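Below is a briefing on selected features of one protein model. Please keep the sequence and the 3D view open while reading.

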Amino acid sequence: LVRLRSRLSRSQSTLGKGLLTLLSRDRLDEDTWEEIEDTLLTSDIGVAATQELVDNLRTRVKVLGTRTPDELRGLLREELITLIGPDSDRTVRSTKHEEGPAVVLVVGVNGVGKTTTTGKLARVLVADGRRVVLGAADTFRAAAADQLQTWGERVGAHTVRGPEGGDPASVAFDAVKEGIAEGVDTVLVDTAGRLHTKTGLMDELGKVKRVVEKHGPVDEVLLVLDATTGQNGLVQARVFAEVVDITGIVLTKLDGTAKGGIVVSVQRELGVPVKLIGLGEGADDLAPFEPGAFVDALLG
Ligand code: GDP
């Protein structure tokens, strides 16, 4: 929690503290509730969620009558956690099964942190005692395969790569094939993220998934989104969700934005939980997403 707090952008905890300060005013009049709404909206939590949260808070504050700062904090904490969804299954399925290794596809547009996330995830899994093969299926960005291979060498995972500009699906296929042959636990496939045309992406990602499925089921499709891109990120998310069935979201760069409310809006948009968060460029800066800890960090 201490690390989360120090890693989350300072402006995020300013958001939490701002809400608490507003709620602690002697008189909670219409203007104050409007300020609370505005504060929530600027965090990218979304209109519907803001309305829901404010309605619930208003009702509960009324019932409570006089309120101590601790009570208010508890109230806000509970309501935020409820909104984020305390009961969602946020585990990344990475355990080997009868058909072979767990296969995790990592998807998202260029620059969101896909390759970095794949590398960091490999590190977490290897530290947890898993054997991992990496697939560098982002064959269009020349540096991506090198970058992934560097991560692989660092953590002790072999990287399967193909010729530059080659067929991403064929690299993904080979990576899973190698994973099966070596009997590893998890195959992580970094995919290409050119969002030039939706049909292009659809063909490419759809093909990667279909080809990998010749070996067995795909266990996770993790969509990586850059938290600093706000509503644009949501538009991208929608396009990807139309192309493949997303099973989890990785929200990166939460260290660089005040718009942590995006956690709520993206989950609502896709109906899929945020499973991991990126809190920096370093190897240790990928964390499981835990609503309670996240809200505690926000509220300072
Ligand atoms: P890709 O094109 O989606 O594979 O993106 P990369 O993995 O190459 O990442 C793009 C940039 O974002 C790199 O400079 C990363 O170091 C940086 N990055 C990735 N995740 C995070 C994060 O959680 N926080 C910050 N601050 N930077 C990140």
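The points below cover a central strand, some individual residues, the pockets and the cavities.

The model is predicted. Strand S2 (residues 132-137) has six of its six residues buried, so the strand is largely enclosed by the rest of the structure. The largest pocket has a volume of about 420 Å³, and the count of cavities of 30 Å³ or more comes to two.

- S2 runs parallel to strand S4 (residues 186-191), and six bridges join the two.

**Individual residues**

- Thr50 is part of helix H4 (residues 47-64). Its relative accessibility is 2%, so Thr50 counts as buried, the cut-off being under 20%.
- Beyond neighbours within four places in sequence, the contacts of Thr50 are Glu37, Leu40, Leu41 and Ile45.
- Asp44 is in the loop between helix H3 (30-42) and H4. Asp44 is not a glycine, yet its phi is positive, at about 70 degrees. With a relative accessibility of 10%, Asp44 counts as buried.
- Lys253 is in the loop that lies between strand S6 (248-252) and helix H11 (262-270). Lys253 also has a positive phi, near 60 degrees, and is a residue other than glycine. With 31% relative accessibility, Lys253 counts as partly exposed.

**Largest pocket**

- The lining of the largest pocket, whose volume is about 420 Å³, is made up of 23 residues. Leu276, Leu286, Ala287, Pro288 and Phe289 are the lining residues nearest the centre of this pocket.
- At least two lining residues come from each of helix H1 (2-7), helix H6 (114-127), strand S7 (274-278), strand S8 (286-288) and helix H12 (291-299).
- The lining of the largest pocket holds 15 nonpolar, two polar and six charged residues.

**Second largest pocket**

- The volume of the second largest pocket is about 180 Å³.
- Its lining residues are Val112, Gly113, Thr116, Thr117, Lys120, Thr252, Lys253, Asp255, Gly278, Gly280 and Glu281. Lys253, with the positive phi noted above, is therefore among the residues that line a pocket.
- H6 gives the largest share of this lining, with three residues.
- By class, the second largest pocket is lined by one nonpolar, six polar and four charged residues.

**Largest cavity**

- The largest cavity contains about 120 Å³ of space. It is lined by 16 residues, and those closest to its centre are Leu15, Ile45, Leu80, Gly261 and Leu298. Ile45 is also one of the contacts of Thr50.
- Helix H2 (10-23), helix H5 (69-84), H11 and H12 each contribute at least two residues to the lining of the largest cavity.
- H12 supplies the largest share of that lining, four residues.
- The lining of the largest cavity consists of twelve nonpolar and four polar residues, with no charged residue.

**Second largest cavity**

- The second largest cavity has about 50 Å³ of volume.
- The residues that line it are His97, Glu99, Gly100, Pro101, Val103, Val176, Ile180, Val212, His215, Gly216 and Pro217.
- In the lining of the second largest cavity, six residues are nonpolar, four are polar and one is charged.

Terms used:
Residues numbered from 1 in each chain as written. Predicted model: local features only at pLDDT ≥ 70, side-chain atom pairs only at ≥ 80, totals over all residues. Heavy atoms only, no water. Buried < 20%, exposed > 50% of the residue type's maximum accessible area, 1.4 Å probe, protein only. Pairing = 2+ DSSP bridges. Contact = heavy atoms within 4.5 Å. 1 Å grid on protein atoms, 1.4 Å probe; cavity = no way out; pocket = protein on both sides within 12 Å on 5 of 7 lines; lining within 4 Å. Points joined across faces, edges and corners; volume = space filled by probe spheres on them. Nonpolar A, V, L, I, M, F, W, Y, C, P; charged D, E, K, R; others polar.
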